[in-house]
2 protein chains.
Amino acid sequence: MSAPVTITPLSGIPEVREGDDLVTVIGLGLTASGLRLADGDVLVVSSKIASKALGLVTHDPDKDRVVAGETEYVVAERSVGDRITRIVRAKAGPIMAAAGVDGSNTGRRGGWLLLPHDPDAVCAHVHDAILERHGVRVGVVLSDTAGRAWRVGQVDFALGAHGVRVVDDLRGGTDADGRPLEVTTRALADEIASAADLAKGKAEAVPAALVRGLGRFVLTAGDEPLEAHPRGRDLVRTGPGDWFGYGRVEAVRASLGIEPGSEVAERVGIAPVHGDSRLEAVARATQAALHGVESGTADIGHVSVTLGADGPYELGILTARLCSALWCEWLVGEPQTPAADGLSVVVGVSGRLDGH
Amino acid sequence: MSAPVTITPLSGIPEVREGDDLVTVIGLGLTASGLRLADGDVLVVSSKIASKALGLVTHDPDKDRVVAGETEYVVAERSVGDRITRIVRAKAGPIMAAAGVDGSNTGRRGGWLLLPHDPDAVCAHVHDAILERHGVRVGVVLSDTAGRAWRVGQVDFALGAHGVRVVDDLRGGTDADGRPLEVTTRALADEIASAADLAKGKAEAVPAALVRGLGRFVLTAGDEPLEAHPRGRDLVRTGPGDWFGYGRVEAVRASLGIEPGSEVAERVGIAPVHGDSRLEAVARATQAALHGVESGTADIGHVSVTLGADGPYELGILTARLCSALWCEWLVGEPQTPAADGLSVVVGVSGRLDGH
């Protein structure tokens, strides 16, 4: 039988400044909360106080530039007024909006907090310092907050981890009836981060929580070296194993040579978060089609686009590109028969009713 | 200050059978665990026992057919041997693998467990029965397990909810320093489900947990009607607001008229989970290009594909389609100059090094 799990928020942690020692400030929180660390505890620390202690703050007023500096590559993007909001693979590891660059709760001086690029190392430092000073082995999770594909709202997840199993691998396991388990790998560290968030809250600026009752997942001396166990970074899925490395719109545009996050993408135009008019959507799709077809021309209307090119082969390329690009805008292109000279074609445009 | 949160697994729940009353079996678990429900508690119940009680089981040996019956539409798909594994929008609401159809822990008779199509109604029933029989107002979350885009492993999430705030909307709120909060909507119900999973475990078949300390999120008599509050279904994000309604591969193929989950997609070929040879990938991309270009022909090689068509316009369409389809396979197509008669072109094929 599993035992109860208890999550206690660590209040009484003062505002953290650059150069502060994380284990010391966490110790203040433990004392204020009347707690003493024990073997098998899991300590969940908000990335925010780690970033503050490490001085990972910038006062560059241009948030987009700050985000670009923290970005490996762009997964999806939408325009919001004269800015662009991007979901990116962050240098810190995960795929998240704005690379985790955060302007709230940054302390009295403001600015943008950046995520540590090696969050597991931050956890290892906390883990080792606690072992050295307090003589106890705890799991450490560095938590951050992110939105998800397919679901509303944000949850906390494990940006980093050390000394705790980040996955509970049940592959090869059987259920209570002896049949193979269909769910094979539980993302424990993410569930721990989410659980801690319930106790920590967001607005109250409680930056850490102590989780008790998960000792079976905390690695012990016999599990050395801890670095060899999967950690926070290993919870990030990228490459062909991730089927969602581009947004639906960005995948199609990238297949047309328009990579998200590129100057080309901005020149072609980036769809606004809240939608725009049919004519603007058709114009954006047409710009995407024209990209890379040097001789291409287009006359854009509400219900059709008339395409032109130097020759019928180029016209065919342009037409196929437009049909793909219209799909990105929840529109359907239906090419009519090209003109007799093969140098122009009318592509009818209609709305798509069945889109997801 | 936030109070501690305690999660207690409800052991002692017997195997649930069709027709069993959920509130009665949960009551057995509470008694066995020495617990008594109180106002402000949140009860997290695994969908599995709800499905069993409702008799949502089928013994059709063809899992793919069972999944298709529980599917609204397909988001992404890969072949695994002679089967196809699909991430779909389930009739139960969320986007999840195999529509949540589950063959483990299904009880002694086996079969496939299906998810209830109105999980919030299941929660409402439990909520109301507890209020009637025990006179207490608890939040009820029906939990299930799913993988995520971008991250390794599965977590529990709120398939359904009633009587508890599913989101903590902080929009318009300010941080401890008075600046607007960047994280605006916490998906509370999902975090509650994840937290409960830590206590319940997977292999042990503990199908429910009691969460204490979140009373501030439990709706009270003054919050009637509870149905008007966001519930589990409202945590599902679909349509243009979801930027990941198709996988990267499926988006491009859909833009070429090859919708995931369709017979056309199967005929064109579905990429295997674990990758295949360059030649197989090129062949699949070529089949996708040929779809809908009636006069198209192709001669497929390792480093190039020679395309042919009745006329140069059709050849252009075919060429553009091939370049898009090759992108799906992490390949790049580079068309050479078409033949003098405009009826054939060689498209060079190379690997893409920078893909995500």
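Biologist: Which exposed residues does the face of H1(A) turned away from its buried side carry?

Modeller: In this predicted model, that face carries Thr31(A) and Ala32(A). In the case here, helix H1 of chain A spans residues 22–32, and its buried residues are Leu22(A), Val23(A), Val25(A), Ile26(A), Gly29(A) and Leu30(A). Because these residues cover an arc of only 165° around the axis, they sit on the same side of H1(A).

Biologist: How should I read the nonpolar cores, and which residues of the largest one touch the most other members?

Modeller: The general idea is that in soluble globular proteins, nonpolar side chains tend to be buried together. Here the largest nonpolar core has 70 residues, and those touching the most other members are Leu307(A), Leu322(A), Leu307(B) and Leu322(B). If residues up to four places away in sequence are not counted, Leu322(A) touches Ala285(A), Thr286(A), Ala289(A), Val305(A), Leu307(A) and Val347(A). Apart from this core lies another, of 52 residues, including Ala161(A), Val164(A), Leu198(A) and Phe217(A).

Biologist: Turning to the backbone, what is phi of Ala99(A), and where does Ala99(A) lie?

Modeller: Phi of Ala99(A) is near 55°, which is a positive value in a residue other than glycine. Ala99(A) belongs to the loop of chain A between strand S6 (95–97) and strand S7 (112–113), and with a relative accessibility of 2% it counts as buried. In chain B, Trp330(B) is also a residue other than glycine with a positive phi, near 60°. Trp330(B) is found in the loop that runs between helix H9 (312–328) and strand S15 (331–335) of chain B, and its relative accessibility of 17% places it among the buried residues.

Biologist: In what order do the four strands of the open sheet in chain B come?

Modeller: In general, strands of a sheet pair through backbone hydrogen bonds, either parallel or antiparallel. In this sheet of chain B the order is S13-S14-S16-S15, and the pairing is antiparallel. Strand S13 (297–300) and S15 of chain B are the edge strands, each pairing on one side only. Neighbouring strands of the sheet are turned by 25° against each other on average, direction ignored. S13(B) and strand S14 (residues 304–308) of chain B are joined by four bridges in the antiparallel sense, and Asp299(B) has Thr306(B) in S14(B) as its bridge partner.

Biologist: Finally, which residues does Ala265(B) touch, not counting residues up to four places away in sequence?

Modeller: Ala265(B), which lies in helix H7 (residues 263–268) of chain B, touches Glu77(B), Arg253(B), Ile258(B), Glu259(B), Pro260(B) and Ile270(B). Ala265(B) and Arg253(B) are 12 residues apart in sequence, and their C-alpha atoms are 8.3 Å apart in space. At 0% relative accessibility, Ala265(B) counts as buried.

Note on methods. Residues numbered from 1 in each chain as written. Chains lettered and ligands numbered in written order. Predicted model: local features only at pLDDT ≥ 70, side-chain atom pairs only at ≥ 80, totals over all residues. Heavy atoms only, no water. Buried < 20%, exposed > 50% of the residue type's maximum accessible area, 1.4 Å probe, protein only. Helix = DSSP H or I, 4+ residues; strand = E, 2+ residues; numbered from the N terminus. Arc of directions from axis to C-beta. Core = buried A, V, L, I, M, F, W, Y, C linked by side-chain atoms within 4.5 Å. Contact = heavy atoms within 4.5 Å. Pairing = 2+ DSSP bridges. Axes fitted to C-alpha atoms, helices over the stretch in contact; angles between N-to-C directions.
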